[in-house]
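Colleague: I would like to go through this structure feature by feature. Please give the general idea each time, then the case at hand.

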Amino acid sequence: MEADELALVDDGNLNVQMAAAAKGLGVLTTGLFLVGEVAGTGVLALPRAVVDTGWIGLFLIAVAACMLGYTGIILGRCWTIVKERFPEKYGGHTRYPYPAIGSEAFGKVGRYSVRFCVIFTMFGASVVFLLLAADNMHNLVGKSLNFCQWPPIIAACLIPLCWLGTPKDFWVVATGASMSTGLAALLLFVQSVIQIPAEPPNHTSPTVISFFTAFGTIVFAFGGHGAFPTIQHDMREPRRFYLSICIGYCTTFLIYFPVAAAGYFVFGDTFIELDTDNILHVISKGAIHTIVTVMIMMHLVLSFVICINPVFQEIEEAFCIPLKFNWKRVVLRTLVLGLVLFTGETIPHFGTILSLVGGSTVTLQAAVFPPLFYLRLNSMEDSTGVWKKRQLSLHHKVILIEISLIGVVGGAASTFSVIYSMATGASQFTVPCYVNSTGAHL
């Protein structure tokens, strides 16, 4: 058996096994899987993001869904171009197609830039999922343990799962998780309608800092582009990926928007008064609250294992750790999980990390890289004349450049806003858990 085949069997790469199990994903299945990749934390965090931006935040959610859905389609076209131009390199299985796109467009700079963004995003998302899971357990179990005591407990439970490769047929579970997220969103909307107050809630005017911090949250909620080319690679008909993007983003928008709107119009400044980013802290306790918390908890645990796996694989490849299960894998993955835990205990506020990652690396890989890579690939020409440059219309070029500029400016402003809030103490819960003895939760 060749080395590549061993990697296929032993590494348990999620998307390779999806292809093996399903013999190529269909358009609808891919769309549902995209919902599982993209939808999740936004259900809990977007209502507060709209409060921090004002009613215009609802417009931003719609714009983000359209813009990032479009860049998802553009990224799919980039991968199609790369496969057509270099069939000898990418005709078979490719473990990291997004870095491959960056490499063919801008060489080593493009490849390593994409790799850094994907690793940083996955690591940050893992921290967010760990903190949210801890917060949910704190809400479910009660006050017997303070919030800061839950992340180590959950991390300890996750260690055995992180040692193993991704389970076979994992895409089925991921699709089920996306459906449970949709049901959770529906129940949250119903509960919000039940709690409509007699008088409209107060709405504090947003500040520049709060606005751009929320911008990062919104981008994070719709940014799953790091995995898109790999998912497309496993389709029966990769050229129809654009249809899956439309299905995935329309579904995600329908999950997010009602909850975000209800959170803004029903609860308003209650988020600020309770000093929380999580809508579960705002709705009334009861059967719906418990059901939603359990469903979100299950989704978070699953998402954590999915998100952290690419980070493990990248580091193991860098250190030449054997592909088969061995003590080196156990030690390395445990250490990485320990670093995730330390980061969460140092910045135990999921909204801060979510906005930081969303405004920086997620914005780059979702809004900046796809247009730039597409423009570059279409302007390139083979010296042997095998393939030639592709002509794009002027308005198409303008749209792509505008999206990149929005990503650069908005992402930079968002990242600065988050760092400024952390430095000045304006963001909630910036004291590390190992310094704060009270263990107040998020």
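Modeller: Start with Phe222. Leaving out residues up to four places away in sequence, Phe222 touches Val38, Ile61, Ala64, Ala65, Leu68, Tyr249, Thr252, Phe253 and Tyr256. Contact here means heavy atoms within 4.5 Å. This is a predicted model, in which local features need pLDDT of at least 70 and side-chain atom pairs count only at pLDDT 80 or more, while totals for chains, interfaces and linings use all residues. Residues are numbered from 1 along each chain as its sequence is written, and side-chain values use heavy atoms, with hydrogens and water left out.

Colleague: Which residues touch the most other members of the largest nonpolar core?

Modeller: A nonpolar core is a set of buried Ala, Val, Leu, Ile, Met, Phe, Trp, Tyr and Cys residues joined through side-chain atoms within 4.5 Å. Buried means under 20% relative accessible area, exposed over 50%, and partly exposed in between, with a 1.4 Å probe and protein chains only. The largest core has 123 residues, and Leu188, Phe222 and Phe304 touch the most other members. Helix 7 (residues 97–141) gives the most to this core, with 19 residues. Helices are DSSP runs of H or I, at least four residues, numbered from the N terminus.

Colleague: How is a pair of packed helices read?

Modeller: Two packed helices are described by the angle between their axes and the distance between the axes. Axes are lines fitted to C-alpha atoms over the stretch in contact, and angles run from 0 to 180 degrees between N-to-C directions. Helix 5 (residues 56–85) and helix 17 (residues 394–424) pack at about 115 degrees, with axes 12 Å apart. Helix 5 contributes Met67, Tyr70, Thr71, Ile74 and Arg77 to the contact, and helix 17 contributes His396, Ile399, Leu400, Ile403 and Ile406.

Colleague: Is Thr53 buried or exposed?

Modeller: Thr53 counts as buried because its relative accessibility is 3%. Thr53 lies in helix 4 (residues 41–53). Beyond its neighbours within four places in sequence, Thr53 is in contact with Leu60, Pro206, Phe211 and Ala214.

Colleague: And His233?

Modeller: His233, in helix 11 (residues 228–233), is buried at 14% relative accessible area. His233 and Gly76 are 157 residues apart in sequence, with their C-alpha atoms 9.3 Å apart in space.

Colleague: How many disulfides does a search of the whole structure find?

Modeller: A disulfide is a pair of cysteine sulfur atoms within 2.5 Å. The search finds zero. For Cys250, the closest cysteine sulfur is that of Cys246, at 6.1 Å, too far for a bond. Cys250 is partly exposed at 49% relative accessible area, and Cys157 is exposed at 56%.

Notes
Helix = DSSP H or I, 4+ residues; strand = E, 2+ residues; numbered from the N terminus.
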